[in-house]
Amino acid sequence: MDHRDGGESTTTPTEEGILMGTQHRRSALLLTASVATIAALTACSGGSSGTVDDSFGFAIAEQEPDSPITVWVDASREPIAQAFEEDHPDIPIEIETYDGNAGGSDSFRTKIALFDQSGEGWPDVVFSTQTNDTSWAAQELNGAQPFAAPLNKGYFDQEFLDGFTTGALDPMTVDGTVYGLRNDLAPVVLWYDESLLNEFGYEVPETWEDYLALSDRLAAEHPGYILGTVGEAFTATYINYWGAAAPIFQLDGNTFSSDFSDENSQRMTELIDHMLDNGTLVQDSVFGAEFVTKYADKIVAMPGPVWFSGALFQNPDSLNTAAGRIGAANPLHWEGGEEVTGNVGGGVWYASSHSKNLDAVETFLEYAISSDRAVELASGLPAYDSAADQWLATQSESGYYVGDFAESVSTAASSVWSGWGFPSFSIEVSYANVVVPGLAAGKSLADLTAEWQEEMENQAQVQGYTVE
Amino acid sequence: MGYAFSSGYTLLLLLFGVFPAAYALFLAFTKAGQFVGVDNFARVLSDYRFLPAVQNVATYLVVWLIVQTVLVVVLALIVHSIGVRWLSSTVRFVYYIPGALAGASSVMLWLFLLDPTVSPVSGVLRVLGLETFVQTVSVQNLPIIFTIIAFWTGAGGWIVIMYGALNNISVEVMEAARVDGAGMVKTAWHIQIPMMRKWITYMAIMNLAAGTQLFVEPRILSQASKGVVPPDYSLNQLAYLYAFRQGDFNGSAAISLLLLVVALGLAAFFVLRGGLFERD
């Protein structure tokens with residue numbers, strides 16, 4: 001879940017975890033209540049006192065053209081905010097760094113919930129490393145107008161919005177309204193080690209069937225070498241099931257559904273169980289210390305998001321693979337099936353619907369998404385087409401990758417399966433507390449899918465979705 | 001003058017103690033400012049996460065209270081019986097050190113101890129059949145793990161307090177016991193422990209209050225294990241999720257009140273059975 005967009009690992013507790021620590025078991029009663037007290041003391045009206053401006057599609061606050069905009073970024077996005085400050089000295093900006101909402105910390109949502117309760121204090125722009133924040137940010141909470149401003153109802157130029165890679169804005173789109181701008185894409189490609197493939201005499205697999213067949217050969221001929229891991233909550237879910245177009249996490253309007261009996265779901269469950277059995281899929285976390293020591297030279301091929309490049313292969317603290325070995329191939333798909341792939345994250349920029357300086361916010365976001373500096377500072381594949389092309393060209397020129405890196409990555413970027421849902425809860429939570437311990441205890445994935453599905457459906461219900 | 005000294009505390013108590021508690025009471029019975037009776041409680045009680053959380057906290061409390069009470073008393077008796085002065089005070093000091101660490105930081109330390117790949121005591125973990133961090137922190141092991149963590153951080157302070165209680169027992173009584181031929185065990189069982197009863201009850205009540213509010217340990221373990229320890233393991237975590245994940249402050253306040261009622265009931269039981277407020 002960390003490294004979601006090529007950021008840094010967050011196995012340490014988050015800001016609020018530490019806050020809780022210093023309070024040492026002061027009850028949630030006190031915490032909740034004191035927070036709410038402050039809210040009650042300071043708030044007169046919940047919600048913004050703006051008028052509905054039909055031209056933007058939401059109630060805008062009274063505009064103050066020279067007022068400073070507050071921008072929340074994670075550490076990896078701080079440079080682009082600072083670059084903006086240098087290039088636009090006329091726009092006052094306050095940059096605040098936070099944990100980027102990474103690793104399920106929920107800090108973005110927590111803080112906005114408090115501002116909603118108090119009726120003031122919202123930041124103007126927020127960057128989040130998670131892709132599913134729209135599910136709550138586009139909804140009214142405790143009487144306040146939804147935090148995320150609708151962007152395609154007159155606020156941003158349609159021409160600008162059209163410049164995004166096809167499908168990049170899907171996770172932030174609800175009933176045709178766009179609530180956030182995608183910063184980077186994280187489509188899944190097939191990473192392979194060319195030197196190992198050549199040494200063993202194997203071809204790069206093109207389909208899940210090839211991949212499965214390769215696993216049997218590899219297990220028999222070169223035991224100890226691997227083709228991936230399912231020990232992390234984002235791997236089996238976003239890489240395998242999503243990439244297999246398996247409808248296990250779907251949202252239709254307000255209805256959540258999870259279907260493990262679908263053919264694609266079943267085939268993927270069987271594939272994972274089979275490869276766990278023959279030892280070519282392992283249960284280690286790609287970010288664990290053991291993964292590097294055990295498998296640094298043993299990964300023959302591994303489906304994974306584009307950001308594996310910087311987070312694993314080219315990372316001196318991780319696999320640190322030498323140049324000229326690793327290549328990215330087109331994503332795996334079912335033989336004869338639709339050529340689709342999965343996606344693991346990608347950050348999103350949100351504009352606040354409560355902002356008092358919407359013009360400045362627009363200028364900032366366009367800069368952060370599509371300027372030359374944005375391309376220069378990007379740590380992953382930009383979601384904006386023109387920026388992506390430039391970024392890919394730079395990466396290809398570096399000569400680190402074998403094969404046609406740019407071609408495979410762009411193919412993957414435009415073929416992310418659109419059936420996957422983005423509700424307000426993450427599939428990673430249920431995978432982590434049902435499947436990960438289950439597999440560790442020696443059960444097969446097929447044994448666990450019923451319990452996993454039930455956990456997802458329970459979560460959906462609590463979050464107010466209808467479960468089908 | 002006395003009022004001036006205590007006014008600061010009183011003010012803070014009102015602002016951050018009494019007023020929030022009263023506000024929670026208000027929140028628990030209302031929704032959007034309207035009185036809704038026990039609706040919030042009904043919603044919370046029917047939540048699928050509620051009973052497992054109750055069960056988790058209850059299991060932990062049973063394991064921990066027994067372990068803590070027995071071991072603290074036994075250790076205090078042992079320390080008290082050490083005749084060598086410097087050794088006795090050194091032991092007390094060493095016991096006390098872990099308690100000086102803040103809760104969160106001690107959990108951080110345990111994160112390393114519990115992960116077989118980096119733990120200095122990985123041998124012990126492997127003997128127990130625990131090869132990975134995920135296996136170590138599986139849900140059925142958690143009551144034991146939290147007990148060990150809580151004992152390690154909290155027991156030292158209590159041992160020092162019990163030591164003080166033991167010092168309070170008059171020399172004549174102890175001497176009489178010795179003259180009657182009571183050994184160490186008999187003295188402890190018939191004289192020292194009965195005379196420490198109030199202290200033991202006091203410890204049980206304080207631990208009960210702390211234990212029902214289990215939050216820091218499971219929360220940090222949950223984040224460190226990337227969710228293998230569920231984020232809704234304890235009741236307080238559930239209250240936290242209600243408030244901040246679901247934006248349902250009313251439900252959160254309802255959980256807090258339920259927790260308060262249960263903890264008060266149990267504490268009352270201990271007070272009455274332990275004779276905490278009886279005069280000699």
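**Entry 1. A pair in chain B**

Which side chain meets that of B:R49 in a salt bridge? I found B:D47, with N to O at 2.9 Å; I count as a salt bridge a side-chain nitrogen of Lys or Arg within 4 Å of a carboxyl oxygen of Asp or Glu. I then looked up the exposure of both partners. B:R49 has 8% relative accessibility and counts as buried, and B:D47 is likewise buried at 8%. For these labels I used under 20% relative accessible area for buried, over 50% for exposed and partly exposed in between, with a 1.4 Å probe and protein chains only.

**Entry 2. Basis of the values**

I note that this is a predicted model, in which local features need pLDDT of at least 70 and side-chain atom pairs count only at pLDDT 80 or more, while totals for chains, interfaces and linings use all residues. Residues are numbered from 1 along each chain as its sequence is written, chains are lettered from A and ligands numbered from 1 in the order in which they are written, and side-chain values use heavy atoms, with hydrogens and water left out.

**Entry 3. Chain B as a whole**

I recorded 14 helices and two strands for chain B; helices (H or I, at least four residues) and strands (E, at least two) are DSSP runs, numbered from the N terminus. The C-alpha trace of chain B spans about 70 × 55 × 35 Å along its principal axes. Chain B has 280 residues, of which 46% count as buried. Taking contacts in chain B between residues at least 6 apart in sequence, I noted that 67% join residues at least 24 apart; contact means heavy atoms within 4.5 Å.

I also looked at helix α13 (residues 235-244) of chain B. There, 10 of the 10 residues are buried, so the helix is largely enclosed by the rest of the structure. Among them are B:L235, B:Y240 and B:F244, and also B:N236 and B:Q237.

**Entry 4. The two domains of chain B**

Chain B is divided into domain 1 (1-36) and domain 2 (49-274), with bounds that come from an automatic or database domain assignment. Their centres, taken over C-alpha atoms, are 29 Å apart. Eight residues of domain 1 of chain B are in contact with six residues of domain 2 of chain B.

How much area is buried between domain 1 of chain B and domain 2 of chain B? I recorded about 510 Å², with carbon and sulfur atoms giving 67% of it; buried area is the accessible area (1.4 Å probe) that two parts lose on being put together, summed over both. Of the area that domain 1 of chain B buries against domain 2 of chain B, 65% is supplied by B:L27, B:A28 and B:K31, more than by any other three residues.

Between domain 1 of chain B and domain 2 of chain B I counted one salt bridge. The side chains of B:D248 and B:K31 meet in a salt bridge at 3.6 Å, N to O. On the side of domain 1 of chain B that touches domain 2 of chain B, the elements giving two or more residues are α1 (2-28) and β1 (30-31) of chain B. α1(B) gives the most to this side, with four residues.

**Entry 5. Salt bridges in chain A**

Over all chains, the structure holds 13 salt bridges. In one of them A:D193 pairs with A:R325, the closest N and O atoms being 2.7 Å apart. A:D193 lies in strand β10 (residues 188-193) of chain A and A:R325 in the loop between α12 and β16 (326-329) of chain A, so the pair ties together parts that are 132 residues apart in sequence. A:D193 is buried, at 3% relative accessibility.

The side chains of A:E376 and A:R373 meet in a salt bridge at 3.5 Å, N to O. Both residues lie in helix α14 (residues 372-377) of chain A, three residues apart, about one turn of the helix. A:E376 is exposed, with a relative accessible area of 59%, whereas A:R373 is partly exposed at 28%.

Is A:S309 buried or exposed? At 7% relative accessibility A:S309 counts as buried, and I located this residue in helix α12 (residues 308-313) of chain A. Not counting residues up to four places away in sequence, A:S309 touches A:W191, A:Q314 and A:Y401.

Finally, I looked up two residues other than glycine with positive phi. For A:D175 phi is near 50°; A:D175 is found in the loop between β6 (173-174) and β7 (177-178) of chain A and counts as exposed at 78% relative accessibility. For A:A245 phi is near 55°; A:A245 lies in the loop between α9 (233-243) and β12 (250-252) of chain A and counts as buried at 12%.
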